[in-house]
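I opened this entry to record what I looked up in the model. The notes follow the order in which I consulted the structure.

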Amino acid sequence: MSLLTLLPFIVLIGAMFLMTRSAKKKQQQAVDMRNQMQPGSGVRTIGGVYATVKEVHEDTVLVDAGPGVELLFAKNAIGAVLTDDEYNRIVHGVEHDLKSDADIVPDDASSLTGTDDSAADSGADDKAVDLGKKDAADEPAGDDAPADDTPAAEAKTDAEPKKTDGGSEAK
């Protein structure tokens, strides 16, 4: 047999070895995390229950999920041991903000725009801008625009639709 025919099998075995190695490493980290649990630390179970550890036994953990609610879980049912800040943020809604108040974005955009003085200094007009469509009769007369007394201007005013009372002739 040549080395070329054995190469796919060698690559497959190597990939399987690497995958099982990384899975074992993650599993060992989870076991270490569960073994480091102490009474008073906040945890999240694999079912999504947030609680505080009361007692840690060899295979079980007694947790306090609320006033008068104590639950007994298997150690492998603990999904994560949370830091105090993270547990308080999730369970109690307490934000431990390390940022200063100056970094907070205001509710309105007034502080994000320039002041009124800068707009006045730049010579900006405060007139309202009409963005509507203008008719040829409304535009000022130029070199190529017909005057109001020309037949083209009269034809345009005659072509406007008549307003009706909304009734129909067939009753």
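Two strands are taken to pair if DSSP finds at least two bridges between them. Helices (H or I, at least four residues) and strands (E, at least two) are DSSP runs, numbered from the N terminus.

**Basis.** I note that this is a predicted model, in which local features need pLDDT of at least 70, side-chain atom pairs count only at pLDDT 80 or more, and totals for chains, interfaces and linings use all residues. Residues are numbered from 1 along each chain as its sequence is written, and side-chain values use heavy atoms, with hydrogens and water left out.

**Overall.** I looked up the secondary structure and found 4 helices and 5 strands. Their order along the sequence is α-β-β-β-β-β-α-α-α. I then turned to burial, where buried means under 20% relative accessible area, exposed over 50%, and partly exposed in between (1.4 Å probe, protein chains only). Of the 171 residues, 12% count as buried. The protein exposes about 14700 Å², with carbon and sulfur atoms supplying 55% of this area; accessible areas come from the Shrake-Rupley method with a 1.4 Å probe, and for residues only the protein chains shown count as cover. Contact means heavy atoms within 4.5 Å. Among contacts between residues at least 6 apart in sequence, 37% join residues at least 24 apart.

I followed the pairing from β1 onward. β1 and β2 are antiparallel, over 3 bridges, and valine 43 has alanine 51 in β2 as its bridge partner. Their hairpin has 4 residues between the strands, and glycine 48 there takes a positive phi near 95 degrees. β2 also pairs with strand β3 (residues 60-66) in the antiparallel sense, over 4 bridges. Valine 53 has valine 63 in β3 as its bridge partner. The hairpin of β2 and β3 has 3 residues between the strands.

**Threonine 45.** I located threonine 45 in strand β1. Threonine 45 is buried because its relative accessible area is 3%. Leaving out residues up to four places away in sequence, threonine 45 touches Phe73, Ala77, Ile78 and Gly79.

**Serine 41.** I found serine 41 in the loop between α1 and β1 (42-45). Its relative accessibility is 15%, so serine 41 counts as buried. Apart from neighbours within four places in sequence, serine 41 is in contact with Ala51, Thr52, Val53 and Val81. The side chain of serine 41 also reaches the backbone oxygen of glutamine 38 at 2.7 Å. I checked threonine 83 as well: C-alpha to C-alpha, serine 41 and threonine 83 are 7.5 Å apart in space, and 42 residues apart in sequence.

**Salt bridge.** I searched for a side-chain nitrogen of Lys or Arg within 4 Å of a carboxyl oxygen of Asp or Glu, which defines a salt bridge. The count came to 1 salt bridge. Lysine 54 and glutamate 70 form a salt bridge, their closest N and O atoms being 2.3 Å apart. The pair links distant parts of the chain, with lysine 54 in strand β2 (residues 50-56) and glutamate 70 in strand β4 (residues 69-74), 16 residues apart. Lysine 54 has a relative accessible area of 37% and is therefore partly exposed. Glutamate 70 is at 45% relative accessibility, so this residue also counts as partly exposed.

**Leucine 6.** I placed leucine 6 in helix α1 (residues 3-35). Leucine 6 counts as partly exposed because its relative accessibility is 34%.

Key
A polar contact is a pair of N or O atoms within 3.5 Å; within protein, one must be able to donate a hydrogen and the other to accept it, and residues adjacent in sequence count only if both atoms are side-chain atoms.
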